[in-house]
Structures are given as structure tokens and as C-alpha cells.
Amino acid sequence: MTTLCEHAYAKINLTLDVLGMREDGYHELKSVMQSISLCDEIEIDLGTNRPWKLSCTRQDIPVDETNLAWRAAKTFFDAFGTDPQGLEIRIVKRIPSEAGLGGGSADAGAVLRALNRHYGVPFSENALLQLAAKVGSDVPFCTLCGTAMAQGRGEMLRKLPPMPDCRIVICKPDFSASTPALYRALDSSVILRRPDNDKIEEALIAGDISAVSREICNVFDALLCKQYPQIDEIKKICISCGALASQLTGSGSAVISVVRTQEDADTIRNALENRNFAVFIAKPV
Ligand code: C5P
């Protein structure tokens, strides 16, 4: 039996624009995505000679074939055309769920990376990303990681220069919002500001964290702020404590704030924890 280990990095959306509804029912997106050091840990046993099994340290996560990590393994072996002779996936969960941080997609991406590496890279980067797209819209980015412009459903990726060194403070309020419902509720009347993806790309090329922060923008932000006043409260706390930017990630409900130093991040963490919010501090990876 062989055991593979892989970090499964969360993603944040530095920008997120929704350009319209597609014929397949999904929405056309344009988003600058960034992976961060907040991660789950994945272990995969190959050759267990037992039926497939998945376990997770958190009780609310499904442990059957609906789990994206399981689906990623199934998609990999179907395309590879071999049978691992039994497989077990163990997930140490740290990424909060229903946060817009791609928790399930991160696990799926880590499974695809680990399996492709173990079997001697049978799939090129592009081919692996195509497999990832079958598993979920955010899985291609969570397989690639780094900094990238995502288009289409999220599966068309173009690598960008890395986000300049900074800290990301993540605050997860205790409610969750339904992603499909939010996509349905989003129309131009609730979009207050759209991202300028050319400008953020220029700022990334220049390596200018202030300029990157100025362009952080998510079309879901105003909609969530209207429905959940807590989002606005969190953003105000972060900005008043010196955050360069504070914005919803994905379709929420986590809010991400950018600061320059660990000290700045600790100041925001203290202010948020005083109001009983769950807080995580991470770096771009
Ligand atoms: O692909 P995934 O299962 O992660 O998407 C979850 C839900 O988010 C979809 O069922 C859809 O309602 C919405 N979605 C969308 N357009 C996208 C990505 C997600 O409408 N590009």
C-alpha cells in the first residue's frame, strides 16, 4: 500500500464579475483567483484492497461518493483507465465550508495533483485541468493554484504574476448563503461596482499591493451586504483597523481583508474576535 500526502489550498477571488447566463445554466465569469496558505491536509492510501472509503475530521462534510475529493479520484481513474485496487482518502479540514473559499474544490484539486504526480504525470497540465472541470467550476483553479484569471464557468485559466507579499485576514460569519440562489438573485440592479480586471492585472505585473488592493472587487458584495448586515459590519471593522481592502470572496459568506504585515493582521483579528467572529490569517501561495 502507498500513501500520498498533499496540501489543499483555499482560494479567494480578488475580483469576481458575472457577465451573464450561459445556455448550460451556469454563469459566464471573469475572476482573478488567488490560492492562500489556509489549507486542508489530504492523505490518499492506494492499494488498500478494500472498498473505497473517505473520512473527514469535520462531521458536516459528506463522506460518500458525492464528496468532491472522491469524485476527483473517480474522474482521474476513469480517465487513466486503471484500478488502484482499493483507495482511502482522509481529509483534515481547516477551510471553513460555505465560505466562498473553495473548500471542497481545494480537496478535489489536491487529489488530482497527488494522483497525477504519483503515476508519473500521465496527464499534461491542460489535460488535468480538463478533468478538474468535470468535477466542479472552481476545481481547475484549485488544481493549478497560484494567481490566475479565470473565465468561462471558471475553467478557462490564464496564469498571472503572483500577488505581492501580504497577509489575508479571513472572517467567516456564522451564516451561509446558497450559491445557486445568489447567482439567481444577481442582476444589474444589485451590482454597485464591477471589477476592472485589466487594472488589477497591471497592478499584479507592477507588484504593487496598494494598487492590487484598490482593484479588489466582487459583484456579489453589495447583494450580500444588503441581505446580511453582518458583512458590512465586518468590512467596517477591518477598514477601521487599517485593511487596504475588505470584500466578500466568491458568493460568500467569508470576507477577505488585505493587510501588509502580520502585525496589521493581528490587530484586525483581535477586533473581530472581540465581536465573536471566526478569523483565519493566511498568505498568498
Ligand atoms: O460547478 P459548481 O458545482 O461548483 O457550481 C455550484 C453552483 O454555482 C452551480 O450549480 C450554479 O448554480 C452556480 N454557478 C454558476 N456559474 C458558474 C459557477 C457556479 O451559476 N460559473
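Colleague: Let's start with a loop: between which two elements does Asn 276 lie?
Modeller: Bear in mind that this is a predicted model. Asn 276 has a positive phi, near 70 degrees, and isn't a glycine. The loop that holds Asn 276 runs between helix H10 (262-274) and strand S12 (278-282).

Colleague: Is Asn 276 buried or exposed?
Modeller: The cut-off for exposed is over 50% relative accessible area. Asn 276 has 72%, so it counts as exposed.

Colleague: Which loop is Asn 49 found in, and what is its relative accessible area?
Modeller: Asn 49 also has a positive phi, about 60 degrees, although it is not a glycine. You'll find Asn 49 in the loop between S3 and S4. Asn 49 is exposed, and its relative accessible area is 64%.

Colleague: Which peptide bond is cis?
Modeller: Look at the loop between strand S10 (245-248) and strand S11 (255-259), where Ser 253 lies. With omega near 10 degrees, the cis bond there is the one from Gly 252 to Ser 253.

Colleague: Over to H1: how far apart are its end C-alpha atoms?
Modeller: Helix H1 covers residues 68-80, which makes 13 residues. At 1.5 Å a residue it should span 18 Å, and the model agrees because the end C-alpha atoms are apart by 18 Å.

Colleague: Which residue just after H1 takes a positive phi?
Modeller: The phi in question is about 75 degrees. Just after H1, the residue with that value is Gly 81.

Colleague: What do the buried residues of H1 pack against?
Modeller: The buried set in H1 is Ala 69, Trp 70, Ala 72, Ala 73, Thr 75, Phe 76 and Phe 77. Their packing partners are strand S3 (27-46), strand S4 (53-56), strand S5 (87-92), helix H2 (103-118) and helix H3 (125-135).

Colleague: Which residues are the closest to the centre of the largest pocket?
Modeller: The largest pocket has a volume of about 1,200 Å³. Out of its 47 lining residues, the closest to the centre are Leu 68, Gly 102, Ser 105, Asp 138 and Thr 179.

Colleague: How many residues of the lining of the largest pocket are charged?
Modeller: Elements that each supply at least two lining residues include strand S1 (2-13), strand S2 (15-21) and helix H5 (179-185). The lining has 19 nonpolar and 20 polar residues, and the charged ones number eight.

Colleague: Which element gives the most to the lining of the second largest pocket?
Modeller: The second largest pocket holds about 170 Å³ of space. Its lining has six nonpolar, three polar and three charged residues, and S2 and H5 each supply at least two. With four residues, the element that gives the most is S2.

Colleague: Why is helix H8 largely enclosed by the rest of the structure, and what covers its buried residues?
Modeller: H8 spans residues 220-227, and six of its eight residues are buried, so the rest of the structure largely encloses it. The buried ones are Phe 220, Asp 221, Ala 222, Leu 223, Leu 224 and Cys 225. Their cover includes S2, H5, strand S9 (217-218), helix H9 (229-240) and S10.

Colleague: Which side chain makes a polar contact with the side chain of Arg 167?
Modeller: Arg 167 lies in strand S8 and is buried, with a relative accessible area of 14%. Among the residues Arg 167 touches, not counting those up to four places away in sequence, are Ser 257, Arg 260, Gln 262 and Ala 265. The polar contact, at 2.9 Å, joins the side chain of Arg 167 to that of Gln 262.

Definitions and conventions: Residues are numbered from 1 along each chain as its sequence is written. This is a predicted model: local features need pLDDT of at least 70, side-chain atom pairs count only at pLDDT 80 or more; totals for chains, interfaces and linings use all residues. Side-chain values use heavy atoms; hydrogens and water are left out. The expected span of a helix is 1.5 Å times one less than its number of residues. Buried means under 20% relative accessible area, exposed over 50%, partly exposed in between (1.4 Å probe, protein chains only). Contact means heavy atoms within 4.5 Å. On a 1 Å grid over the protein atoms alone, a cavity is a set of points where a 1.4 Å probe fits but cannot get out, and a pocket is an open set with protein on both sides within 12 Å along at least five of seven lines; lining residues have an atom within 4 Å of a point. Grid points are joined across faces, edges and corners, and a volume is the space filled by probe spheres set on the points. Ala, Val, Leu, Ile, Met, Phe, Trp, Tyr, Cys and Pro count as nonpolar, Asp, Glu, Lys and Arg as charged, and the others, Gly among them, as polar. A polar contact is a pair of N or O atoms within 3.5 Å; within protein, one must be able to donate a hydrogen and the other to accept it, and residues adjacent in sequence count only if both atoms are side-chain atoms.
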